[in-house]
Amino acid sequence: MNAVGASRIFPRSGDVLSRPGFAINLRLILVSGKTKEFLFSPNDSASDIAKHVYDNWPMDWEEEQVSSPNILRLIYQGRFLHGNVTLGALKLPFGKTTVMHLVARETLPEPNSQGQRNREKTGESNCCVIL
């Protein structure tokens, strides 16, 4: 179950990571293109993941080291994950590798702000005309 070279959160007694087949493997990719795999529980949130990665920063990522876990952000399927979103809520598969991007960013964009900006640029609206 453990991916080659993957870090692992040490499970608490009874935690799902202590039972084979119940961990979620995340491959995190930095802007530089460097990657590392970590195992997490479905109960771990985006902020839990950021803190774990910060506390266990890979040696080969030294040039990208950040000053605080609070500025680490996860991007999954093109969207920033807010700190309280758990991996279980994303319905990520057990035993398979899920890829996410990890970036340093002080704040998150407002929800749906990108979609609103795109509509303003294209002149698109969400109304329809019935003839």
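Start by selecting E37: this residue is buried, with a relative accessible area of 13%. (Buried means under 20% relative accessible area, exposed over 50%, and partly exposed in between, using a 1.4 Å probe and protein chains only.) Before you click on, know that this is a predicted model, where local features need pLDDT of at least 70 and side-chain atom pairs count only at pLDDT 80 or more, while totals for chains, interfaces and linings use all residues. Residues are numbered from 1 along each chain as its sequence is written, and side-chain values use heavy atoms, leaving out hydrogens and water.

**Stop one: R27 and E37**

(A salt bridge is a side-chain nitrogen of Lys or Arg within 4 Å of a carboxyl oxygen of Asp or Glu.) R27 sits in strand β2 (residues 24–29) and E37 in strand β3 (residues 35–40), so the pair ties together parts that are ten residues apart in sequence.

**Stop two: strand β2 and its partners**

Select residues 24–29, the whole of β2. Five of its six residues are buried, so the strand is mostly covered. Which way does β2 pair with β3? The two run in the antiparallel sense, over six bridges. (Two strands pair if DSSP finds at least two bridges between them.) Click I24 and then F40, its bridge partner in β3. β2 and β3 form a hairpin with five residues between them, and G33 in the turn has a positive phi of about 100°.

Next, bring up strand β6 (residues 97–104), which pairs with β2 in the parallel sense over five bridges. Here, L26 has T98 as its bridge partner in β6.

**Stop three: K34 and E64**

Pick K34 and E64, another salt bridge, whose closest N and O atoms are 3.5 Å apart. This pair links distant parts of the chain: K34 is in the loop between β2 and β3, and E64 is in the loop between α1 (46–55) and β4 (72–76), 30 residues apart. K34 is partly exposed at 27%, and so is E64 at 22%.

**Last stop: helix α1**

Finally, select K51 and D55, a salt bridge with its closest N and O atoms 2.7 Å apart. Both lie in helix α1, four residues apart, about one turn of the helix. D55 is partly exposed at 46% relative accessibility, and K51 is partly exposed at 46% as well. How many salt bridges are there by this rule? The count comes to three.
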